[in-house]
Amino acid sequence: MTLGFYFDAARCAGCHVCQVACKDRMDLQTAGAVPRRVTTFEAGAYPEASIFHMSIGCNHCEKPACVANCPTGAMYKDAESGIVLHDDDVCIGCRSCMASCPYGAPQFDEELQLIVKCDSCKALRDAGMNPVCVDACMMRALDFGDIEELKAKYGDDAVGEVPAIPPADKTKPNLLIKASTAALREDFAEIVL
């Protein structure tokens, strides 16, 4: 079994509720660390201009660069589920994981003086619940589970990458994206609303 996230870019309204729910669950008080991030992009030009949003956390990659570059083993991959986890007690705060992750998943929280990242709400999942970002999404644009089951549930049109996020070839993220037409465009730019 390999676990990962499904994201429907066509449904996402860019409301940031998944981001807020994640920060709340992790009890992150400062503005800096944001383990799940919602980013807005514009694509095209008038009269075919549009916007789209991407909600990205840790992609729990098959070949995680953060794990490969962690000198202490604080960043590790759970053998059973494939989830990338972080051991706060082993971390020395060198930030090698941050520098190596193409998706910006590990982040340094200045107040805690620790690396924080999405663990797919492991404690909640162990209790039979969903990650908070999934349940918080009012548009039902997020899901989590076995990648093969997510593929079967959401169909063959889900892709592993879109132009607005780094290519999947190096780390092989466990992420399925139902891309909107705008999210597939090469002519995009990040915007702040």
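Trainee: Which residues line the second largest pocket?
Mentor: The second largest pocket has a lining made of Arg-37, Thr-39, Phe-41, Met-54, Ile-56, Pro-102, Tyr-103, Ala-164, Ile-165, Pro-166 and Glu-190. A pocket is an open set of points on a 1 Å grid where a 1.4 Å probe fits, with protein on both sides within 12 Å along at least five of seven lines, and lining residues have an atom within 4 Å of a point. This is a predicted model, where local features need pLDDT of at least 70 and side-chain atom pairs pLDDT 80 or more, while totals for chains, interfaces and linings use all residues. Residues are numbered from 1 along each chain, and side-chain values use heavy atoms, without hydrogens and water.

Trainee: Which elements give two or more residues to that lining?
Mentor: Those are strand S2 (37-43) and strand S3 (50-56), a strand being a DSSP run of E with at least two residues, and S2 gives the most, with three residues.

Trainee: And which strands supply the largest pocket?
Mentor: Strand S5 (84-86) and strand S7 (114-116) each supply at least two residues of the lining of the largest pocket, which also includes Arg-25, Met-26 and Asp-119.

Trainee: How many residues of its lining are charged?
Mentor: Four are charged in the lining of the largest pocket, beside seven nonpolar and one polar, whereas the second largest pocket has two charged, eight nonpolar and one polar.

Trainee: New topic: is Asp-89 buried or exposed?
Mentor: Asp-89 counts as exposed because its relative accessibility is 76%, and exposed means over 50% with a 1.4 Å probe, protein chains only. Asp-89 sits in the loop between S5 and helix H3 (96-100), a helix being a DSSP run of H or I with at least four residues.

Trainee: How far is it from Ala-141?
Mentor: The C-alpha atoms of Asp-89 and Ala-141 are separated by 34 Å, with the two residues 52 residues apart along the chain.

Key
Nonpolar A, V, L, I, M, F, W, Y, C, P; charged D, E, K, R; others polar. Buried < 20%, exposed > 50% of the residue type's maximum accessible area, 1.4 Å probe, protein only.
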